[in-house]
Amino acid sequence: MKKLAIFDLDGTLIDSIADLGAATNYALSCYELPTHPLDSYRMRVGNGVNKLIERALPESERSPERVAQLRQDFTRYYNDHCTDRTRPYNGITELLKDLQTENVAIAVASNKYQHATEKLVRHFFPDINFLAICGQRDGIPIKPDPSVVFEIIGKAAVAKAQVIYIGDSGVDIETARRACVDSVGVSWGFRTPAELAQAGAGTIVDTPDQIFNLIIK
């Protein structure tokens, strides 16, 4: 049995692609730059907002200054609209409640900036007592750097063998590998099972109840 479950947020706990895409398109439109179909953002997310914006920009516009400029517009829009179309995946709320009942510590490790990470988690999962809600913060490297996982493990005071990390992308699986903890890839997220398998996911699941069975055994 695992004592700590660390979850990625976007594509793992919540389907947020429409709101992320809308915020990016808003920022692009502020400068009359081309926008993209919302579903296409599945392959642009996963490495933080700066990388999301960089991937959405035309190649000729991908300067640090332009990215920083659009990030301001993205953040202003997203802070107000991040819950418009975002929803938890089916079965996720029940999974978190069941893990909490079993006294499994629950944490979130996201590359989304801290304010939005906390807002979304508190909004959609108000009944869950999270050990930690960790988003992108100044001075802390983003995933796949394992620093955020080490931070959470330190708060939980558990051995790495008692930790499981759950995510939907190769970035998540690589994060778990670098942290030397077991990984689970979810097939319902933004990336494909093939990407998860290629990254070395320990297990790939199709439903949240499969995660529960892996943890409580």
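Among the contacts in the protein with a separation of 6 or more, 66% are between residues 24 or more positions apart, where a contact means heavy atoms within 4.5 Å. This is a predicted model, in which local features need pLDDT of at least 70 and side-chain atom pairs count only at pLDDT 80 or more, while totals for chains, interfaces and linings use all residues. Residues are numbered from 1 along each chain as its sequence is written, and side-chain values use heavy atoms, with hydrogens and water left out.

The protein has nine helices and eight strands; these are DSSP runs numbered from the N terminus, a helix being H or I over at least four residues and a strand being E over at least two. Its radius of gyration is 17 Å, which agrees with the value near 17 Å for a compact globule of 217 residues; the radius is taken over C-alpha atoms, and the globule rule is 2.2 Å times the number of residues to the power 0.38. Along the principal axes, the C-alpha trace spans about 55 × 30 × 30 Å. Of the 217 residues, 51% count as buried, a word that means under 20% relative accessible area, whereas exposed means over 50% and partly exposed lies in between (1.4 Å probe, protein chains only).

The part to look at closely is helix α3, which runs over residues 64-81 and so has 18 residues. From its first C-alpha to its last, α3 reaches 25 Å, close to the 26 Å expected at 1.5 Å a residue; the expected span is 1.5 Å times one less than the number of residues. Seven names make up the buried list of α3, namely Arg 66, Val 67, Leu 70, Asp 73, Phe 74, Thr 75 and Tyr 78. The cover over these buried residues includes α1, α2, β4 (105-113) and α5 (114-124).
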